[in-house]
Amino acid sequence: MIFSPNVKSKKGANTKWLTTPFPTCLPDEELNGIFTGMSVEVCKHSDIIKLYTNGNYGKGTKSRSTPQIMRGQRVTSDLNGNQENLALSLEEAFFLSYYLKVLRITNIHGEKMEWLQMMHECEAINRKFSCHLAAYIYLKSKGWIVKSGLKFGSNFLIYRKGPRFYHASFAVLISCKNEDYAHLEVKNMKGLQRIAEASDKDILLLEINKPPNFKMCTLEDISRLSISESVIKRFNYAAFVQNKTLT
């Protein structure tokens, strides 16, 4: 059966506006981000614009999604004088810094973080980070814009072109072989299916085949993880009968 993803444009969005999926930098140019312990924050306005315009990376720290500076609003400060930054997820930051090599990540003391140090920090926050990173890179290689799926109970949401133009086509769940995932139990899966169905999304399950005792010693080791994908749809008998009747 040929499956076509649900691609629904947003009202008033100019879907013909050309964007690039990856930010580019001049040879002597580098974007800067600070690892805060939970995410990587980009503070410079020109860096925020470049990252959000080219690939929709990150979200505004004081906004639901799009940073104030990208909405043409005046960038406000809180009582302590702090302005809105762009918060990158761990997967986004790792991908931009160590694979695309356009982002320089430093700690709060201004010291540059090498990839292995950053990997250890990410795994301390999320012990399944290597699986999530592999899934993120896999989806990016397919041309999707990948955002957090937290508000829909999934690992990621993936968009065609970006959330400014289209609604998310899939809520993505990640399953790493031989590891426990409570959200993949039947009861929880049924609940997620209803949420996805109510918001015109489908569920994409990515199963990560992780070799025993896998450990990343080089950046290329991520290719040792194999990924299979399955689209999960709830069978709607009433709609099925209606479609059969019409045809």
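Predicted model: local features only at pLDDT ≥ 70, side-chain atom pairs only at ≥ 80, totals over all residues.
At what angle do the axes of helix H2 and helix H3 cross, and within what distance do they come? Helix H2 covers residues 90-99, and helix H3 covers residues 115-125. Their axes cross at roughly 170° and come within 11 Å. Angles over 145 degrees count as roughly antiparallel. H2 and H3 are therefore roughly antiparallel to each other.

Now look at the residues that touch. H2 contributes Leu90, Phe94 and Tyr98. From H3 come Trp115, Met118, Met119, Cys122 and Ile125. Sort them by class, and the contact has 8 nonpolar residues, with no polar and no charged ones. Take Cys122 from that list. Its relative accessibility is 0%, so Cys122 counts as buried.

A disulfide is a covalent bond between the sulfur atoms of two cysteines. How many disulfides does the count give here? The count comes to 1. The partners are Cys131 and Cys176, with their sulfur atoms 2.3 Å apart. Cys131 sits in helix H4, residues 129-141, while Cys176 belongs to strand S8, residues 170-176. The pair therefore ties together parts that are 45 residues apart in sequence. Both of these cysteines, Cys131 and Cys176, are buried.

Finish with Cys43. Is Cys43 buried or partly exposed? Buried means under 20% relative accessible area. Cys43 has 37% relative accessibility, so Cys43 counts as partly exposed.

Notes:
Residues numbered from 1 in each chain as written. Heavy atoms only, no water. Axes fitted to C-alpha atoms, helices over the stretch in contact; angles between N-to-C directions. Helix = DSSP H or I, 4+ residues; strand = E, 2+ residues; numbered from the N terminus. Parallel < 35°, antiparallel > 145°, perpendicular 65-115°, else oblique. Contact = heavy atoms within 4.5 Å. Nonpolar A, V, L, I, M, F, W, Y, C, P; charged D, E, K, R; others polar. Disulfide = S-S within 2.5 Å. Buried < 20%, exposed > 50% of the residue type's maximum accessible area, 1.4 Å probe, protein only.
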